[in-house]
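Student: I would like to learn how to read a helix contact and a salt bridge. Please take me through them.

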Number of protein chains: 2
Amino acid sequence: MINSGKISEIVTGILKNDRKTLAQAITLIESTRVDDRKNADKLLSKLLPHTGNSIRIGISGVPGVGKSTFIESFGLRLIESGHRVAVLAIDPSSPKTGGSILGDKTRMEKLSKHKDSFIRPSPTQGKLGGVSRRTRETILLAEASGFDIILIETVGVGQSETTVAMLTDIFLLLISPAGGDDLQGIKKGIVELSDLIIVNKADGDLLQAANRTAVDYANALQFLRNEKDTWQPLVLKCSALKDRGIPSILKAVNNFCKQTQRSGLFQTRRSEQAVAAMWEEISERLNENLRSNNKVKKIINNIQVDLRKGMISPSIAANQILKSFLN
Amino acid sequence: MINSGKISEIVTGILKNDRKTLAQAITLIESTRVDDRKNADKLLSKLLPHTGNSIRIGISGVPGVGKSTFIESFGLRLIESGHRVAVLAIDPSSPKTGGSILGDKTRMEKLSKHKDSFIRPSPTQGKLGGVSRRTRETILLAEASGFDIILIETVGVGQSETTVAMLTDIFLLLISPAGGDDLQGIKKGIVELSDLIIVNKADGDLLQAANRTAVDYANALQFLRNEKDTWQPLVLKCSALKDRGIPSILKAVNNFCKQTQRSGLFQTRRSEQAVAAMWEEISERLNENLRSNNKVKKIINNIQVDLRKGMISPSIAANQILKSFLN
């Protein structure tokens, strides 16, 4: 149980950039308990004026592409340039098994120990909808706590990229050097979400393959270009392991921010994200509301029995439940 | 406008296996007009007793893996064995551009001309939620119209596979012969959804690679095995182009149905799908209801303005709208 004195204490701690308080606050917003949820809402309201002042960067790529190594190298460069960096992770896991190494601190050895970084591994459970809300709120907490760069890591499985793109200002896709026909393997939708495509592992034996992959993707991007867009996606190369090519990625991110802030795209994206987030929350809470409604609870079991037997269709079952909820 | 006489006519036409009527009925359930929706519900209620008697087969794979060629070859064999085959497609398209060649009749030349087949290309628009509902209802129409095998094709991009798995009895994943490290590229979650993994293009130069890929996947599946499951996923090889290996896939599908019907898994999956479909429809219709609510319409614009300016958070905006809807 948290009282209002405790909430003020957390607000103060966060505004003082105390990382222990930040971690506590994240645990609070991750809780699914009703009273915790209310307190989380109060906390977020109080912190709202202190949020929004970061660059939110999405980072995606299939397992093995080197996301952790990249974040270690990229994050340390950002800190060198005077930033404070928070790393969060969205883990869609698998429908059946779950488990992940996203946001694993041991894989970002120097970064995780640095006083100007904060790494929060992905929560171990939860549906993507809930994950999205929690991550959005964690971003706000980290911003209020003085982090001006937020890196959000995810693994390349389709839906989670869309979620990350809806939470971030710029989206980086990491790919490995590979043959040309690999292009089809990476889903077109994800390439289209990407503001920067980064060919990692551009070193040693893979250097030539990396060059070829970069050219292939640059060509492919031609077809996706939209002249009306104020930013045209770029393909860059780096070797995160050897810490090579990172400064030009930093520069590209800076250019992206400058250009899109001037054109208004940056602000438009954020406000569209806020509206989409609102509708997502409305939808989730409406569902919660319906499921806990007493009239619905009374009839739901019988309806589900009939439905399971194939005596009524899902549509008709849905109609019956909605009627009893809305009347 | 459709009157109740017209609905009876459609029912009769469908039960007589008239394919022109079936096509009309699908167009009706694809419509988003309110009166069409009501008529679609009436139609589906009347047809419900004539549905459910097919095997619903999901087929997925990345672009270029040979889905159309496979469906041509597989579909014709099914017809030879005395079945009537409907082919539907779920196309998640891309968030930005759209467009697809799924369910393209010209790519299934013989099958599309056969009197015992029916091919319906994917609708050109719509969100995945709506697509799922429309496809579910199209399956019912096709079943009522005497098709006892329904093939549902989708392209490998994560979310749409989950949708297809929720609509089908058995899920087939097509893969291409390739190097061992490709394993990571195909998302674990999708492999886990698969009841049969089929290495296509097992012919000519690719035969050896196909053998290797089959072994790799068979090994990988060991780790995903769940002793409690009554069906353990299989890896098979074929060449759809040369029409080789298709009979053993047919046999595996038959075995799957026999085993899972005996164990009850078949029926359990269907009833769980029905319940999930009901909740999906409830969620969609609740949202439609809220958006068309007069009290909500009055306040929504001002709230969105504040939200876009960052003056309120998505959570608070959602709360305000929900209050005015529910009170």
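**Helix contact and salt bridges**

Tutor: In α13(A), A:Pro314, A:Ser315, A:Ala317, A:Ala318, A:Asn319, A:Ile321, A:Leu322, A:Phe325 and A:Leu326 meet B:Ala274, B:Ala277, B:Met278, B:Glu281, B:Ile282, B:Arg285, B:Leu286 and B:Asn289 of α11(B). Contact means heavy atoms within 4.5 Å. This is a predicted model: local features need pLDDT of at least 70, side-chain atom pairs count only at pLDDT 80 or more, and totals for chains, interfaces and linings use all residues. Residues are numbered from 1 along each chain as its sequence is written, chains are lettered from A and ligands numbered from 1 in the order written, and side-chain values use heavy atoms, with hydrogens and water left out.

Student: At what angle do α13 of chain A and α11 of chain B pack?

Tutor: Two packed helices are described by the angle between their axes and the distance between the axes. Here the angle is about 45 degrees and the axes are 8 Å apart.

Student: Which side chain meets A:Arg120 in a salt bridge?

Tutor: A salt bridge is a side-chain nitrogen of Lys or Arg within 4 Å of a carboxyl oxygen of Asp or Glu. The partner of A:Arg120 is A:Glu30, at 3.2 Å from N to O. The two are 90 residues apart.

Student: Is A:Arg120 buried or exposed?

Tutor: Buried means under 20% relative accessible area, exposed over 50%, partly exposed in between (1.4 Å probe, protein chains only). A:Arg120 is buried at 16%, whereas A:Glu30 is partly exposed at 23%.

How values were computed
Axes fitted to C-alpha atoms, helices over the stretch in contact; angles between N-to-C directions. Helix = DSSP H or I, 4+ residues; strand = E, 2+ residues; numbered from the N terminus.
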